[in-house]
Amino acid sequence: MSSRLLVVSNRLPVVIEQHGEQWCSRPGSGGLVTALTPVLRQRGGLWIGWPGTSVQKGLDLDGMLAEAGEAAGFNFAAVNLTSDERDGFYYGFSNEIVWPLFHGLHTRCNFDPSFWKAYRAVNCKFARTIKENVQENDFIWVHDYHLMHVAKELREVGLRQKISFFLHIPFPPPEIFLKMPWRFDVLEALLEFDVLGFQTQGYRRNFTQCISSVVPGLSVRGRGRVMTTKTPRRAVQIGVFPISIDFEEFADKAASEETTARAGEIREEFAGRKLMLGVDRLDYTKGIPERVKAFGDALDRYPELREKVTLVQVVVPSRTAIHEYQDLKAEIEKLVSEVNGRHTVPGWVPIHYVFRNLDRTELTAFYRTADIMSVTPLRDGMNLVAKEYCACRIENDGVLILSEFAGTAATMHRGALLVNPHDQEGMADAIFNAVMMGKKERQMRMRILRQGVRKFDVFWWLDMFLKASNEQDAELAAPPEEYDLLALLPPPSVAPPIPAHLPDPTR
Ligand code: ADP
Ligand code: F6P
């Protein structure tokens, strides 16, 4: 496909911020940025989004973005938000309504009607910026829950080009989604896109169930298409495209001299002990308190783990203006100090807690050093850190403990130890199993995991999406090897054996 990529997301991959008198740019955090940056770097194109700040005196935003674009190898166009718009649209509707609701946590929602107005107004602003920048043959690709209304706004200003959308987070089942006061508007707005992409079959099924039950005059046909009854009749394609990472980039970085050197230092610090790693944005969906409690439980119930395993929990600050996130930070810190207070002995602190952004070398060095990685969200669209860990395990060793409720579980359940993050004892048992697992089994599992991540990387995801978008009548097949979570549930207290019908990757 030769058309230019026009990617639109709430955030640009760079964040502009002020330090004293100085304005600086830093990479944005989060899975969307990690996944899409290599795609834009490979293909070139334009990325439209919010630079994380408002226009202010002394800030040469265009100059800074041009410079950042030159370094990145593609172009940026900014959507500037006032602080009121940021509060109502980003903190409010996006992160106090859609984020908790779509993750199944409706009791955390604040359905303030003013947020909806702000959301629509800012989506309209994004649409105007797209209209100003779009070229005739562009592939317009809107991303994530902040921008579900953009196609509707673009249609209203007369844009007739194909518009595609990818949802990075889960889509909830009807009984949860229907709690949203603006449910009809949101569904109808989504159906103004031509292609809708979801991370898993389960999320797509939730969406099609919602539209079949609440939007009159719609029929869902086949496995992947929705017909609308509007005039002229148009089809909306609905597909499953599990997002991924640039495997080779992570593997190369993990093998680099600087990462190897840093990994050596970390290994020395934890010499003689197993290192278990958690890497998450500060978010209540990530299950960090539950993980810390399970780790404490494992130390309580399995004395043989004491002084043998250390948890390094890295948390990157996120959405700290929302009080739920501030409360979460306090809760994590309290739980960490409780477990440490209970088990620390001279020479061994059970949990090392890091609250900051890590650079790539530091992050990949931790991935390389960690014997066990714990990715245990209560619910997550995908959770790319699980894939990053596997890509960085260049020696084909290591254990991934993975929540059944992470999007990654749909494709990574074979090699991982699956856990229910709400089951504290089951999680503690999985930690015990991971620490005790023999090298042969660890290697076999990690090989299976790495093969999958290498094959189904972010460029495969891109090709799948573009192919599906360009072939109107293509059957939007689910990716190979996807299984329905509900069909998977293993007994939580034992490491599930590798199914016999799988090819043995060691042969
Ligand atoms: P989400 O998109 O919800 O944040 P993902 O697991 O999909 O969840 O993606 C998180 C991304 O943020 C990953 O690419 C990960 O490497 C990065 N990340 C998370 N924590 C940190 C940290 N402390 N320092 C640097 N990067 C981080
Ligand atoms: O993948 C989910 C996601 O919400 C992305 O859309 C977003 O870029 C990222 O997590 C980080 O969140 P925020 O942009 O609110 O800092």
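The model is predicted, so to speak of local features pLDDT must be at least 70, and side-chain atom pairs count only at pLDDT 80 or more, while totals for chains, interfaces and linings use all residues. Residues are numbered from 1 along each chain as its sequence is written, and side-chain values use heavy atoms, with hydrogens and water left out.

Let's start at ligand 2. The residues around it (those with a heavy atom within 4 Å) include Arg 11, Tyr 90, Trp 99, Asp 144, Tyr 145, His 146 and Arg 319. By type, the shell splits into four nonpolar, three polar and four charged residues; here Ala, Val, Leu, Ile, Met, Phe, Trp, Tyr, Cys and Pro count as nonpolar, Asp, Glu, Lys and Arg as charged, and the others, Gly among them, as polar.

Now look at the oxygen atoms of ligand 2. A polar side-chain atom of Arg 11 sits 2.7 Å from one, and a side-chain N or O atom of Arg 319 is also 2.7 Å from an oxygen of the ligand. For Tyr 145, the distance is 3.4 Å. On its own ligand 2 would expose 380 Å², and the protein buries 92% of that (areas by the Shrake-Rupley method with a 1.4 Å probe).

Next stop, Glu 324. You'll find it in helix α12, residues 323-343 (a helix being a DSSP run of H or I, at least four residues, numbered from the N terminus). Glu 324 has a relative accessible area of 19%, so it counts as buried, the cut-off being under 20%. Beyond its neighbours within four places in sequence, Glu 324 is in contact with Arg 108 and Tyr 284, meaning heavy atoms within 4.5 Å.

Terms used:
Chains are lettered from A and ligands numbered from 1 in the order in which they are written. A polar contact is a pair of N or O atoms within 3.5 Å; within protein, one must be able to donate a hydrogen and the other to accept it, and residues adjacent in sequence count only if both atoms are side-chain atoms. Helices (H or I, at least four residues) and strands (E, at least two) are DSSP runs, numbered from the N terminus. Buried means under 20% relative accessible area, exposed over 50%, partly exposed in between (1.4 Å probe, protein chains only).
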